[in-house]
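Please keep the structure in view while reading.

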Amino acid sequence: MSTTEYTKVYNGNFILITRIKTELEHAGIIPIIKDEGESQRLAGYGSMNQGFQEVFVHNDELDKATEIVNRVKAEMEATE
């Protein structure tokens, strides 16, 4: 059993994260964006993963969020 109410649905560079965040918000889902590199920078440490972020959503919205993330990923892959 999970001890957290949030699940990671995507990780990647900040450009893709911004697109996914926008799509989730349009669907009424408020994501949490975790940026370890920025946290390390603000604390005065160096970071090798600058620009790498993670998107978390509440477990109640997981199914809907996963569909949106998969759609956005498919759209991005189709344009490459």
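## E25 on helix α1

E25 sits in helix α1. This is a predicted model. With a relative accessibility of 35%, E25 is classed as partly exposed. Along the chain, E25 and A65 are 40 residues apart.

What is the strand order of the open sheet? It is β1-β3-β2, three strands with antiparallel pairing. β1 and β2 (32-34) each have a single partner strand, so they stand at the edges, and one side of each lacks a neighbour in the sheet. On average, neighbouring strands are turned by 25° against each other, direction ignored.

β2 and β3 are antiparallel and joined by three bridges. I32 has F56 of β3 as its bridge partner. As a general point, strands of a sheet pair through backbone hydrogen bonds, either parallel or antiparallel.

## H58 at strand β3

H58 belongs to strand β3. Its side chain makes a polar contact of 3.3 Å with the side chain of E5. Setting aside neighbours within four places in sequence, H58 is in contact with E5 and Y6.

## Helix α3

Helix α3 covers residues 62-78, 17 residues in total. From first C-alpha to last, α3 reaches 24 Å, close to the 24 Å expected at 1.5 Å a residue.

Which residues of α3 are buried? They are A65, I68, V69 and V72. Viewed down the axis of α3, these buried residues fall within an arc of 100°, so they line one face of the helix. The general rule is that an α-helix has 3.6 residues a turn, so residues three or four places apart point the same way. The face of α3 turned away from the buried side carries the exposed residues D63, E67, E77 and A78.

## What covers the buried face

The cover over the buried residues of α3 includes β1 (6-13), α1 (14-26) and β3 (52-58).

Definitions and conventions: Residues numbered from 1 in each chain as written. Predicted model: local features only at pLDDT ≥ 70, side-chain atom pairs only at ≥ 80, totals over all residues. Heavy atoms only, no water. Helix = DSSP H or I, 4+ residues; strand = E, 2+ residues; numbered from the N terminus. Expected span 1.5 Å × (residues − 1). Buried < 20%, exposed > 50% of the residue type's maximum accessible area, 1.4 Å probe, protein only. Arc of directions from axis to C-beta. Contact = heavy atoms within 4.5 Å. Polar contact = N/O pair within 3.5 Å; in protein donor to acceptor, adjacent residues only side chain to side chain. Pairing = 2+ DSSP bridges. Axes fitted to C-alpha atoms, helices over the stretch in contact; angles between N-to-C directions.
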